[in-house]
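Here is a short briefing for a reader new to this structure.

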Amino acid sequence: MNPAYAAYAGLSAGVFLSLYPFYWLKTRASKEATLIFSQRMGHYTNAQVANISGTPRIWLHAVSVGEVRAAQAVITALTRKLPRAAIILSTTTLHGQRAAREAMGPRATCLFAPLDFTPSVRRALKTIRPRILVCLETEIWPNWLIAAHRLDIPTAIVNGRISERSIRSYRKVRPLMRHVLESISALSMIHETDAERLMALGAPVDRIGVNGNAKSDLLLEQVAHADLGEVKKRYSIEEGRIVIVAGSTRGEEPRIMLNSYRQVRSRFPEALLIIVPRHVENALKIKEHVVSNGVACQLRSELARPGDSRHAPVVVVDIMGELQSLYGVATVVFCGGSIAPLGGQNILEAAAWGKPVLYGPSMEDFPDARELLEKNNAAVEVANEKELTENILYYLSNPGAAEALGHRARQVSLSCGGAADRHADVIMSLL
């Protein structure tokens, strides 16, 4: 056995066994928690297995909501090419599982993934018996991938992304990563930078391909079939209303956004600000900060109450799943995690709606999106609160310039289509 992998397997087993009693007791609190824990241990019921019909069996793993969206696009391409295939989609988080079941419906069997503990992953693989195991984006689980390799199950990473922060962590365990990557049959990455980072970790060059971001296909489909009337009604957005959407904000960005908005509001008093925090559990704290600064604010969940409607100039979104449609009703968009030095967000998600997109200098996690939009003068980088305010005011005061910027952003997004099909073709090549 590879020494680096032997050390990882031993350490992961030790951690698992030491924490097992705590998690076992915690899961006794509810029947749902017990069922989830059972699946995380690799136990799937006869009914769940019987629900998997068709051939070949293709198991895709997506940790949470973001990866589920990429998986949705790839699954759509796969089922078009292999209509009789049985699709299994696993997630790690509860939010991801709910998103998977909502997105997939009867098209896939949705399960919780096993913990990366050798007995759990072997039990799961022997129960599900997939023809291939496919992990989305950055899901590199050593025990699971090595176990599949030893059971002669081909494995693939598709829509693969290795961020600057991830590569720094992976370099610390390069011998382990090299061994794991050598066991993977195909590595289908989003961008050349992702491929180069894999090569630096020791991945076999002949197994690496660059095929774009599958989320772009899903985005374009959503935009093409979007009905934004319900969103406008929910947020009381009448025709001509200026809407500033701050998506996936993190760190100090809600505070920066509020400061900017207060200046914008002196020129455009009817402007509406919608803040969508990256982590919804921070929504109440953000609302309290807004109110403490003398600006009326509502939570998105309050708009769902019978008889309630939006009356405040600021709304903080405290539910999952609405960011994309909110980009569709925006006048100007700021994409977060980028002034806060946290690697940014996928700015193509806003660009696909043909909106003026602003973002900060920290975009290390999405170099492909940044490069595409910057090369085509289709988005604007802002370094700080002052530049953010100046650019919002400029595009609100110059609708022609805003429309031209949004049009270029939309054209760049359209050029990114077809990635899901290319990733699906990589999977099919291993069958």
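The structure holds 20 salt bridges. A salt bridge here is a side-chain nitrogen of Lys or Arg within 4 Å of a carboxyl oxygen of Asp or Glu. Side chains of opposite charge can pair when their charged atoms come close. This is a predicted model: local features need pLDDT of at least 70, side-chain atom pairs count only at pLDDT 80 or more, and totals for chains, interfaces and linings use all residues. Residues are numbered from 1 along each chain as its sequence is written, and side-chain values use heavy atoms, leaving out hydrogens and water.

- Arg-80 and Asp-421 meet through their side chains in a salt bridge, at 2.7 Å from N to O.
- Arg-80 lies in helix H4 (residues 65-81) and Asp-421 in helix H20 (residues 419-429), so this pair ties together parts that are 341 residues apart in sequence.
- Helices (H or I, at least four residues) and strands (E, at least two) are DSSP runs, numbered from the N terminus.
- Asp-421 is partly exposed, with a relative accessible area of 24%.
- On this scale, buried means under 20% relative accessible area, exposed means over 50%, and partly exposed is in between (1.4 Å probe, protein chains only).
- A network of salt bridges links Arg-80, Lys-81, Asp-421 and Asp-425.

**Salt bridges within one helix**

- Glu-182 and Arg-178 form a salt bridge of 3.3 Å, N to O.
- These two, Glu-182 and Arg-178, are 4 residues apart in helix H9 (residues 174-183), so about one helical turn separates them.
- Glu-182 is partly exposed at 36% relative accessibility, and Arg-178 is partly exposed at 37%.
- Glu-390 pairs with Lys-386 in a salt bridge, and their closest N and O atoms are 2.6 Å apart.
- Glu-390 and Lys-386 are 4 residues apart in helix H18 (residues 385-397), again about one helical turn.
- Glu-390 is partly exposed at 40%, whereas Lys-386 is exposed at 56%.

**A nonpolar surface patch**

- Leu-11, Val-15, Leu-19, Phe-22 and Tyr-23 make a nonpolar surface patch of about 480 Å².
- Patches are made of residues with over 30% relative accessible area and no salt bridge; like charges are joined within 9 Å, nonpolar side chains (Val, Leu, Ile, Met, Phe, Trp, Tyr) within 5 Å.
- Accessible areas come from the Shrake-Rupley method with a 1.4 Å probe; for residues, only the protein chains shown count as cover.
- Leu-11 sits in helix H1 (residues 3-27) and is exposed at 57% relative accessibility.

**A loop glycine**

- Gly-321 is in the loop between strand E11 (314-316) and helix H15 (323-329).
- Gly-321 is exposed, at 78% relative accessible area.
- Gly-321 and Ala-99 are 222 residues apart along the chain, with 8.4 Å between their C-alpha atoms.
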